[in-house]
Amino acid sequence: MKKYQLMAPGPTPVPSEVLLAMAQPMIHHRTPEYEALFTEVRAGLKTLFQTEQEVLPLACSGTGAMEAAVVNTLSTGDRVAVVRAGKFGERWIEICKAYGLDILELGAPFGETVPAARVADALRREPRLRAVLAQHSESSTGVLHDVRGYAAATRGTDAILIVDAVSSLGIADLPMDAWGVDVVVAGSQKGLMLPPGVGFCALGEKAWAQTKTSTLPKYYLNLTEEKRCVAKNEAHFTPAVSIIVGLRQVLRMLAREGVPNVFRRHDRLARATRAGVEALGLALFAKATPSPALTAVVAPAGVDSERIVAVYSEAHNITIAGGQGEMKGKIFRLGHMGYAAEFDVIVALAALEQVLADLGQPVDFGAGVRAAQKVFADRA
Ligand SMILES: *Cc1c(COP(=O)(O)O)cnc(C)c1O
């Protein structure tokens, strides 16, 4: 028997107390029981998103919420700037293209970031820009972009800042209202420790104002209708009831730990993972600020990173992720977000040492684990 371990950058493991909560008999969503559940969930989501605004849960994956953000705030032909420094930046571009938007690409080589000064410069040059779209944590490269800087650049212009926080909500600090982020998009299956199936959108005042003139087509993802219902403590359509039940449990767990402690835990797990990987002589793919959600690692010269992913799975029953697009075969990605703790990092690194040895690479056994333990031992 080999114990199964899910260590991919999403979906992430679901805690047993959440699984048990979701295993209760189905309830109807137009009942006092659901209303009490949704009241608690709405309040918890506002705390987690650090906003006074309603957070709108949608029955779709994160990409559905990304699409909702675009179609509710923009109009055909609108000029938008997209931070393109990974596969998820490219997803913004694909969505914007699908809806006929006029795109200014702010690109950077994958593994790097786009500095806020470039966003500010683009906004100065093109005052007709209506939106800036970016990731907070770019899960394909393991880079954390400067959303605070992007928000400062966007403030006072006619553009709104739309941030994909699918792999940063509940992982890295993103105070929506305090930083002035206009739209935050998230999903259930990363930091929120839930099964996939719920996306979230939160819009600030400036973004809600822009929805009034938005002409892009929308029906299922009409956020104005959704907000009208959520304000009455209802969902517009049948919600993903079981996941919302699990979400209440997750919000209680996060509140118990304390959200600042949740961020600190992720930061420590990420630092330990990076230390372990580097101690094994491997290079980090991120050349800019690394994401606390996952670590992208460059495969050793001559080793196809898909082989590393395959050996993790076949020899150890551990799921990690490879590289996407142009990074396929070159990098592998270790997730340490959500229901992840110190000894999960130790498992991932101990397995990495064995995987490298299995692939004929020289390994100083224990070096990766030791470096991680040193990070954990330092409580400062
Ligand atoms: C996982 C993820 C998404 C959403 O992907 P779905 O498969 O649609 O849930 C979007 N952006 C980022 C940065 C992600 O990590």
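Colleague: How many cavities of 30 Å³ or more does the count come to?

Modeller: Because the structure is a predicted model, the count rests on computed coordinates, and rolling a probe the size of a water molecule over the atoms shows where empty space is left. For cavities of 30 Å³ or more, the count comes to three.

Colleague: Which elements give two or more residues to the lining of the largest cavity?

Modeller: The largest cavity holds about 160 Å³ of space, and 18 residues line it, with P57, L58, A59, E226 and P239 the closest to its centre. By class, its lining has 14 nonpolar, two polar and two charged residues. The elements that give two or more residues to this lining are α2 (32-49), β2 (55-58) and α9 (223-231).

Colleague: Which strand gives the largest share of the lining of the second largest cavity?

Modeller: About 50 Å³ of space lies in the second largest cavity, and its lining is made up of G142, R274, L284, A286, P290, S291, L294, T295 and A296. These divide into five nonpolar, three polar and one charged residues. With three residues in the lining, the largest share comes from strand β12 (residues 294-298).

Colleague: How many of the residues of strand β10 are buried?

Modeller: In strand β10, G199, C201 and L203 point one way while F200 and A202 point the other way, and all are buried. For the strand, which spans residues 199-203 and is mostly covered, the number of buried residues is therefore five of five, where buried means under 20% relative accessible area.

Colleague: Which residue of β10 is the bridge partner of L56?

Modeller: Strand β10 pairs with β2 in the antiparallel sense over four bridges. Strand β9 (residues 183-187) also runs antiparallel to β10, joined to it by five bridges, and there G187 has G199 as its partner. For L56, the bridge partner in β10 is C201.

Colleague: Where is P11 found, the residue whose peptide bond from G10 is cis?

Modeller: The peptide bond that leads from G10 to P11 is cis, and its omega is near -5°. As for its place in the chain, P11 is found in the loop between β1 (5-6) and α1 (16-22).

Colleague: Is M193 buried or exposed?

Modeller: M193, a residue other than glycine, has a positive phi near 60°, and its place is in the loop between β9 and β10. Because its relative accessibility is 3%, which lies under the 20% cut-off, M193 counts as buried.

Colleague: And is N233 buried or exposed?

Modeller: N233 is also a residue other than glycine with a positive phi, here near 70°, and N233 is found in the loop between α9 and α10 (241-257). Since the relative accessibility of N233 is 10%, and the cut-off is under 20%, N233 counts as buried.

Definitions and conventions: Residues are numbered from 1 along each chain as its sequence is written. This is a predicted model: local features need pLDDT of at least 70, side-chain atom pairs count only at pLDDT 80 or more; totals for chains, interfaces and linings use all residues. Side-chain values use heavy atoms; hydrogens and water are left out. On a 1 Å grid over the protein atoms alone, a cavity is a set of points where a 1.4 Å probe fits but cannot get out, and a pocket is an open set with protein on both sides within 12 Å along at least five of seven lines; lining residues have an atom within 4 Å of a point. Grid points are joined across faces, edges and corners, and a volume is the space filled by probe spheres set on the points. Ala, Val, Leu, Ile, Met, Phe, Trp, Tyr, Cys and Pro count as nonpolar, Asp, Glu, Lys and Arg as charged, and the others, Gly among them, as polar. Buried means under 20% relative accessible area, exposed over 50%, partly exposed in between (1.4 Å probe, protein chains only). Two strands pair if DSSP finds at least two bridges between them.
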